[in-house]
Amino acid sequence: MTLYEDWAEKYRPRTIKNVVGNASVTKAVRRMIRNKNFPNMMLIGPPGTGKSTIVKLIPKTLDVDFIEINAASQSGINVVRDDIEPYARTLDMEGSPFKVVILDQVDRFSPDAQQASLQLAEEVSVYCKFLATTNYAGKLNEAFLSRFRVFQFVSISPDDMVPALMRICKSERIKAKKKDLRYIANAARGDLRQAVKALQTACEGESKLRSDIVREFNWVPPYKSIISSVEKAMKGEFTDSVKVLKNILALTQPKWFFLGLQDKLFYKRVFTEEERVLISLALPEGNPHAFAEQDAIIFLARLAGTVYEL
Ligand SMILES: Nc1ncnc2c1ncn2[C@@H]1O[C@H](COP(=O)(O)OP(=O)(O)O)[C@@H](O)[C@H]1O
Ligand SMILES: [Mg+2]
């Protein structure tokens with residue numbers, strides 16, 4: 001048996017040319033790469049549109065030194081003091097035009113960590129560039145918007161998604177009809193990560209993309225119901241939360257339930273930081289294809305259990 005490999009990671013574009021959509025942004029980035037001239041950048045936009053991909057590609061394409069901080073997992077002031085600052089202040093560039101600090105999901109930084117990185121970014125701006133991303137400007141220190149160059153991302157259109165999905169099918173030797181890829185692209189609602197994951201789920205155990213399986217992918221996520229089910233579990237109302245879950249699963253095949261669940265729940269911003277940590281811990285790991293209704297119930301039970309130590 002081969003290990004499960006997430007196609008969304010496997011097919012993360014390795015060149016800017018392969019990043020689809022948001023043409024004005026990619027064009028500007030290509031120009032900056034040609035000129036080796038960068039401002040501090042803030043990429044803002046919905047999930048699965050290529051923001052992290054682009055900030056990772058910039059230092060790699062230019063072959064300059066970089067560090068990457070994901071603020072979702074390291075969010076306190078310490079990461080600025082202990083990791084970012086010593087890195088940003090040392091000049092050891094051996095001919096490189098500058099080095100790079102990637103701040104992914106920087107809105108998840110605590111307010112003092114945001115403040116400290118803003119200040120640092122200004123002080124070292126000549127030889128160290130900060131490339132930041134966020135889904136949402138809501139929790140962002142506003143100074144980022146005035147001191148960093150803002151690049152607004154929009155959802156990826158189905159027209160742009162279909163060729164990207166087609167490339168993956170070719171690589172995986174999966175036969176696929178264009179209209180089925182278009183169905184997935186439409187259902188993913190602008191989120192290409194979601195589309196790629198849906199494609200992988202639909203192809204599980206098949207050598208072609210089957211139209212009947214694609215049609216099961218009716219993933220207009222019933223956000224409100226999902227959030228309500230998770231909220232109930234967190235209040236310890238396990239029986240009620242399972243009732244809501246069963247209604248969701250009556251409309252959605254169980255195997256689609258976990259697809260992008262974390263992204264979707266967190267993008268809606270109804271959970272506190274502590275609640276997000278609990279949800280992440282309760283989510284199952286590994287191959288999402290294997291999940292059935294039972295796993296969704298176990299997820300809720302774990303959530304209720306962690307909160308109430310049942
Ligand atoms: N514009 C894009 N072009 C090609 N693939 C993309 C694009 N956006 C997202 N993807 C796919 O989704 C995955 C996640 O993209 P990422 O850049 O991390 O999204 P985000 O905007 O949430 O940071 C990528 O590894 C790739 O498979
Ligand atoms: Mg990202």
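Because the model is predicted, local features are described only where pLDDT is at least 70 and side-chain atom pairs count only at pLDDT 80 or more, whereas totals for chains, interfaces and linings use all residues. Residues are numbered from 1 along each chain as its sequence is written, while chains are lettered from A and ligands numbered from 1 in the order in which they are written.

The chain has 15 helices and 5 strands, where helices (H or I, at least four residues) and strands (E, at least two) are DSSP runs numbered from the N terminus. Of its 310 residues, 37% are buried, a residue being called buried if 20 or more other C-beta atoms lie within 10 Å of its own, exposed if 12 or fewer, and partly exposed in between, with C-beta atoms placed from the backbone. Contacts are pairs of residues whose C-beta atoms, placed from the backbone, lie within 7 Å; among those in the chain between residues at least 6 apart in sequence, 78% join residues at least 24 apart.

The buried residues of H3 are Lys51, Ser52, Ile54, Val55, Lys56, Leu57, Ile58 and Pro59, and they pack against helix H2 (23-35) together with strands S1 (41-44), S2 (66-70), S3 (99-104) and S4 (128-134). After H3 comes aspartate 63, with a positive phi near 55 degrees.

Helices H4 (residues 77-89) and H5 (residues 111-123) pack at an angle of about 15 degrees with their axes 9 Å apart, the axes being lines fitted to C-alpha atoms, for helices over the stretch in contact, and the angles running from 0 to 180 degrees between N-to-C directions. H4 and H5 are therefore roughly parallel to each other, on a scale that counts angles under 35 degrees as roughly parallel, over 145 as roughly antiparallel, 65 to 115 as roughly perpendicular and the rest as oblique. In this pair, Ile77, Val79, Val80, Ile84, Glu85 and Ala88 of H4 meet Asp112, Ala113, Ala116, Ser117 and Leu120 of H5. By class, that contact has 8 nonpolar, 1 polar and 2 charged residues, with Ala, Val, Leu, Ile, Met, Phe, Trp, Tyr, Cys and Pro counted as nonpolar, Asp, Glu, Lys and Arg as charged, and the others, Gly among them, as polar.

Serine 110 lies in the loop between S3 and H5, and with 16 C-beta neighbours inside 10 Å it counts as partly exposed. Leaving aside neighbours within four places in sequence, serine 110 is in contact with Ser75, Gly76 and Ile77. Its C-alpha atom is separated by 9.4 Å from that of lysine 139, which is 29 residues away along the chain.

Further along, the axes of helix H7 (residues 158-171) and helix H8 (residues 178-187) come within 9 Å and cross at roughly 125 degrees, which makes H7 oblique to H8. The contact joins Pro158, Met161, Val162, Leu165 and Met166 of H7 to Lys178, Leu181, Arg182, Ile184, Ala185 and Asn186 of H8. Valine 162, placed in H7, is buried, with 20 other C-beta atoms within 10 Å. Not counting residues up to four places away in sequence, valine 162 touches Lys178, Leu181, Arg182 and Ala185, and the C-alpha atoms of valine 162 and alanine 185 are separated by 6.5 Å although 23 residues apart along the chain.

H8 also packs against H9, their axes coming within 8 Å and crossing at roughly 135 degrees, and the two are therefore oblique to each other. Here Ile184, Ala185 and Ala187 in H8 meet Ala195, Ala198 and Leu199 in H9, a contact with 6 nonpolar, no polar and no charged residues. H9 itself (residues 192-203) is mostly covered, with 12 of its 12 residues buried, and what covers them includes helix H1 (7-10), H7, H8 and helix H10 (211-216). H9 is followed by glycine 205, whose phi is positive, near 75 degrees.

Technical notes: Contact = placed C-beta atoms within 7 Å. Expected span 1.5 Å × (residues − 1).
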